[in-house]
Amino acid sequence: MKLTPLEPEDLELLYTIENNPELWSVGSTNVPYSRYALRDYIATQQHDIYADRQVRLVARVSADGETEKAVGLVDMYNFSPTHQRAEIGFAILREEQGKGYGRQALQHLEEYARSVLHLHTLYAVVSAGNRASLATLRSSGFSHEHRLPDWIKSSDGSWEDAILLQKTL
């Protein structure tokens, strides 16, 4: 696996993930994005966490030794250069889940955060009901958990607790 910047050919991947209503409750949006808006986002990204205050990377795996396929996205956002920390998130395509790609992507993101950005801490806020993401983060060494009661409003209007996990690099 490797992590790469978003390219124009990643438009459909981005469209699929950003327009999945199941993910809206964990993000900061609750409306679908048009292909036009996402194409513009890809084109205008500076790929500089200091300028954008975030970085979004595509998780790619080798399909047959030569051809690569995109399996998901990983993000660092809420970046604080002063405190040397960033929040992370990851989304693996439904058909690619359960293959260890989330854990691999987190390992690569962590190495980038440590070696290139010289961050001290990564953290994630995850719905308490998202067992798969919590298991992936825990198995990747994220701990120091804190429960945030009634933190995430679900699409049905109910409130869910969230779990804050962090990892010191």
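These legends describe close-up views of a predicted model. Residues are numbered from 1 along each chain as its sequence is written, and side-chain values use heavy atoms, without hydrogens and water. Local features need pLDDT of at least 70 and side-chain atom pairs pLDDT 80 or more, while totals for chains, interfaces and linings use all residues.

**View 1. The largest nonpolar core has 28 residues.** A nonpolar core is a set of buried Ala, Val, Leu, Ile, Met, Phe, Trp, Tyr and Cys residues joined through side-chain atoms within 4.5 Å; buried means under 20% relative accessible area (1.4 Å probe, protein chains only). Met 76, Ile 88, Leu 119, Leu 122 and Leu 137 touch the most other members. Among the elements giving two or more residues are strand E3 (68-80), helix H5 (101-115) and helix H6 (131-139). Helices (H or I, at least four residues) and strands (E, at least two) are DSSP runs, numbered from the N terminus. H5 gives the largest share, five residues.

**View 2. Helix H1 (residues 11-18) packs on helix H3 (residues 35-44).** The angle is about 120° and the axes lie 10 Å apart; axes are lines fitted to C-alpha atoms over the stretch in contact, and angles run from 0 to 180 degrees between N-to-C directions. In contact (heavy atoms within 4.5 Å) are residues including Leu 11 and Tyr 15 of H1 and Leu 38 and Ile 42 of H3.

**View 3. H5 packs on H6 at about 45°.** Their axes are 9 Å apart. Gly 102, Arg 103 and Leu 106 of H5 meet Thr 136, Leu 137 and Ser 139 of H6.

Terms used: Buried < 20%, exposed > 50% of the residue type's maximum accessible area, 1.4 Å probe, protein only.
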